[in-house]
Amino acid sequence: SMELLDIAFNEFEGTLPTELGEMSNLTSFFAGHNQFEGQIPQEIGQCTNLKEFQVDGSHDIGGKIPAVLGQLTKLEFLKLDTCAFTGELPSQIGNLANLTFMDVSSNELEGAIPTELGKLTNIVTLGLANNDFSGDVPTEFGNFVNLEKMYLQNTDLSGVMPKEVCALRDMGNDTVLEELQVPCDVECDLD
């Protein structure tokens, strides 16, 4: 029974197979930087042992990020950047309580950032940059007590950075929020 499937940096074409859902022991799936097209199959929601899922740098993989990813509660690492994902980020991602790394930068995602992401209290690195997200940065992001790096630049986010997020810099922990890249009008007040 296969646990690790790494086919990244190849010339594979076609769509990601629905048979992925039958690989119930799979803990790591790396398929970035190929020529795949289409969408992430809904069957991925059956891979409940997945800890790492990476389909980045695949410019022809798009559609909506499937909400069934929210069923993969063992997931620690989710890398879907530099693809062609559209629509809103599914709120079900907030169910991934073990997630420490998520990067969905450089897609065509839009709408508000779901407040449910504030439940990702183990998140260390969060990349949402280079998308069309709009509205405010959720105050729930103040729950990210382990956050070290957050990338929100080149989005249509507006408003002020919630004081709860800015306060992460002053928790007496040198590693908390060492890097925060945001649109110019959403900076933390440094006074």
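This is a predicted model: local features need pLDDT of at least 70, side-chain atom pairs count only at pLDDT 80 or more; totals for chains, interfaces and linings use all residues.
Most residues other than glycine have a negative phi. Thr 82 counts as partly exposed because its relative accessibility is 27%.

A second residue of this kind is Ser 106, which has a positive phi of about 60 degrees although it is not a glycine. Ser 106 belongs to the loop between strand E9 (101-103) and strand E10 (108-111). With a relative accessibility of 27%, Ser 106 also counts as partly exposed. The table sets out the two residues.

| Residue | Phi | Loop | Relative accessibility |
|---|---|---|---|
| Ser 106 | about 60 degrees | between E9 (101-103) and E10 (108-111) | 27% |

**Cysteines**

How many disulfides does the structure hold? The number is zero. A disulfide is a covalent bond between the sulfur atoms of two cysteines. The sulfur of Cys 47 lies 18 Å from the closest cysteine sulfur, that of Cys 83, whereas the cut-off for a disulfide is a sulfur pair within 2.5 Å. The separation is therefore too far for a bond. Cys 83 is likewise in no disulfide, the nearest cysteine sulfur being that of Cys 47.

Are these cysteines buried or exposed? Cys 47 is buried, with a relative accessible area of 0%. Cys 83 is buried as well, at a relative accessible area of 7%.

**The chain as a whole**

The chain contains one helix and 15 strands. Its radius of gyration is 17 Å, close to the 16 Å that the globule rule gives for 191 residues, so the chain is as compact as a globular protein of that length. The C-alpha trace spans about 55 × 30 × 25 Å along its principal axes.

Of the 191 residues, 48% are buried. Among contacts in the chain with a separation of 6 or more, 55% are accounted for by residues 24 or more positions apart.

**Surface and charge**

The chain exposes about 8900 Å², and carbon and sulfur atoms supply 44% of this area. The chain carries 8 positive and 32 negative charges. The mean positions of the positive and negative charges are 8 Å apart.

Note on methods. Residues are numbered from 1 along each chain as its sequence is written. Side-chain values use heavy atoms; hydrogens and water are left out. Helices (H or I, at least four residues) and strands (E, at least two) are DSSP runs, numbered from the N terminus. The radius of gyration is taken over C-alpha atoms; the globule rule is 2.2 Å times the number of residues to the power 0.38. Buried means under 20% relative accessible area, exposed over 50%, partly exposed in between (1.4 Å probe, protein chains only). Contact means heavy atoms within 4.5 Å. Accessible areas come from the Shrake-Rupley method with a 1.4 Å probe; for residues, only the protein chains shown count as cover. Lys and Arg count as positive and Asp and Glu as negative; His and the chain ends are not counted. The place of a charge is taken as NZ of Lys, CZ of Arg, CG of Asp or CD of Glu.
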